[in-house]
Structures are given as C-alpha cells and as structure tokens.
Amino acid sequence: MTNHGQAAAAVAFVTAAARRLEPDLLQRGPEGLSVLGMLFLKAAMAQAAAAEADDHSPTALARAVPGFLDQADEHADHLGFDGNELWTSFGPTNCKLYRVAAHVQLSEGADAVAVAADIPHAALADLPRERRAHLLTDRAIGEKQAGLRTEAVTTLLKAEEEAPEEVLCRPRTKQLVEDLRLLGTGSAESRLRALADRCGLPR
C-alpha cells in the first residue's frame, strides 16, 4: 500500500490490526512480541511516507512517527534480544535500523546519523551483510542531508565493501551518487567518480 501511494491507508490498516491483535499477541511470548513490534515499525515507515508526500500538513503527520517507533522499542525491550521469530528479524537493533530509515524519510539527516552511530558494533556485526550495507546507505543519505558530503562518500564505500550489489544496483543509491556529484564532495571527488563509474553512471 505504501509503495503504491496509499501510505495513509497503510497506517490506518496496520494500526487497526495492531489494536485488534495486541491482546492475543502479548500472550504468545517472543513470537507475538515480534509480530506486534513489526506492525508498529511498519506503521512508522508508512506514516513517514505519508508525511513526505503531504503538501498541506507534513509536520503534523511527521509528529506521529516517533510514537510508533517508541511503541516498537517498548516491545523490543520486553523481548530482550535480537531474534528472527516468524522471520520478522525483530529486536532492539532492528528498531534502530527503522528509526534511522524513518529519519532519512523525513529528511532529518543529523538525527539519522546520530541513531546510526549509537548502534553497538557487536549488534552490527551480527547483521547479515546486506542489512549492514542497507543501514550504511541510509546513513550516507542522512549525512548528505546533514551537509556531511565527504563522510557520505566514505560511508557509501563502506556499504559497497559489505555488499556491492546493494550500492551498485539500487536506484536510490545511484540517485544519492548523482546528488553528491551535483553538490560536490571536496576531497572525496575522485573516490566518488570511481564509485559513479562502478555504478554505470554517465560522466
């Protein structure tokens, strides 16, 4: 629904599901907590997308995003570990990944960078390489939004080391490279040009 431009409807759908299912899910241990927590993470991202797309009251819509993330954090704290119950990958670390992504969606780059920097190294090491690369890409976008363009190039190159396909083949990453080329990256220009070549972007 969110991907098809129905983010507001997606928020209504997922929050209604969470309210209806919450009593049963809370009684089902780690599996229930994981499903419930993921519902709130999906609600946060849909709400952030709705705020980004709204021309009338985006700030009002954006104010609801932290509440959904906080509810997910609460369930992650009760769960107490990074798990993959029912293939949800839910836990405290996943909540931080979604918080970074939500800040990026709302163009709150400095906040995204701060949350990403606060994720423990041990937790990052336990993530699959693709998810580490995705987080680094989100962080790079946040750095660009915060005016840290040289740092954004360095972060993108780290993401490429983790999982090249997540950087070289993703449209949003190619767009980030294009944006950085347009804005300029100072001492990182040569590294950015080389990355653009690997992405197959025209010179």
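How many nonpolar, polar and charged residues does the lining of the second largest pocket have? By class, this lining has seven nonpolar, three polar and six charged residues. Ala, Val, Leu, Ile, Met, Phe, Trp, Tyr, Cys and Pro are counted as nonpolar; Asp, Glu, Lys and Arg are charged; the others, Gly among them, are polar.

The model is predicted: local features need pLDDT of at least 70, side-chain atom pairs count only at pLDDT 80 or more, and totals for chains, interfaces and linings use all residues. Residues are numbered from 1 along each chain as its sequence is written, and side-chain values use heavy atoms, with hydrogens and water left out.

Pockets were examined on a grid. Rolling a probe the size of a water molecule over the atoms shows where empty space is left. A pocket is an open set of points on a 1 Å grid over the protein atoms alone, where a 1.4 Å probe fits, with protein on both sides within 12 Å along at least five of seven lines; lining residues have an atom within 4 Å of a point. Grid points are joined across faces, edges and corners, and a volume is the space filled by probe spheres set on the points.

The second largest pocket holds about 310 Å³ of space. It is lined by 16 residues, of which His121, Leu124, Leu136, Arg139 and Lys158 are the closest to its centre. Two or more lining residues come from each of α6 (109-117), α7 (121-125), α8 and α9 (149-162). Helices are DSSP runs (H or I, at least four residues), numbered from the N terminus.

The largest pocket holds about 720 Å³. Its lining has 24 residues, and Met45, Tyr98, Ala101, Gln105 and His134 are the closest to the centre. Helices α2 (29-53), α5 (92-105) and α8 (129-145) each give two or more residues to this lining. The largest share, seven residues, comes from α8. By class, the lining of the largest pocket has 10 nonpolar, six polar and eight charged residues.

In soluble globular proteins, nonpolar side chains tend to be buried together. A nonpolar core is a set of buried Ala, Val, Leu, Ile, Met, Phe, Trp, Tyr and Cys residues joined through side-chain atoms within 4.5 Å. Buried means under 20% relative accessible area, exposed over 50%, and partly exposed in between (1.4 Å probe, protein chains only). The largest nonpolar core has 32 residues, and Leu135, Leu156, Val177, Leu180 and Leu195 touch the most other members. Two or more of its residues come from each of α5, α6, α7, α8, α9, α10 (164-168), α11 (171-183) and α12 (189-198). Beyond its neighbours within four places in sequence, Leu156 is in contact with Ala140, Val167, Thr173, Leu176, Val177, Leu180 and Leu195; contact means heavy atoms within 4.5 Å. A second, separate core of 30 residues includes Ala10, Ala43, Ala48 and Ala101.

Thr137 lies in helix α8. Thr137 counts as buried because its relative accessibility is 2%. Leaving aside neighbours within four places in sequence, Thr137 is in contact with Ala159, Glu166, Val167, Arg172, Thr173 and Leu176. Thr155 lies in helix α9 and is buried, with a relative accessible area of 6%. With the sequence neighbours within four places again set aside, the contacts of Thr155 are Leu136, Arg139, Ala140 and Glu143.

Cysteines were checked for bonding. A disulfide is a covalent bond between the sulfur atoms of two cysteines. The rule applied here asks for a pair of cysteine sulfur atoms within 2.5 Å. The count comes to zero disulfides. For Cys169, the nearest cysteine sulfur is that of Cys199, 8.3 Å away. Cys169 is exposed, with a relative accessible area of 54%, whereas Cys199 is buried at 4%.

Some loop residues have positive phi values. Leu86, not a glycine, has a positive phi of about 55 degrees. Leu86 sits in the loop between α4 (65-79) and α5, and is partly exposed at 44% relative accessibility. Ser107 has a positive phi near 60 degrees and is likewise a residue other than glycine. Ser107 is found in the loop between α5 and α6 and is exposed at 53% relative accessibility.

His4 is found in the segment before α1 (7-26). At 68% relative accessibility, His4 counts as exposed. His4 and Ala125 are 121 residues apart in sequence and 34 Å apart in space, C-alpha to C-alpha.
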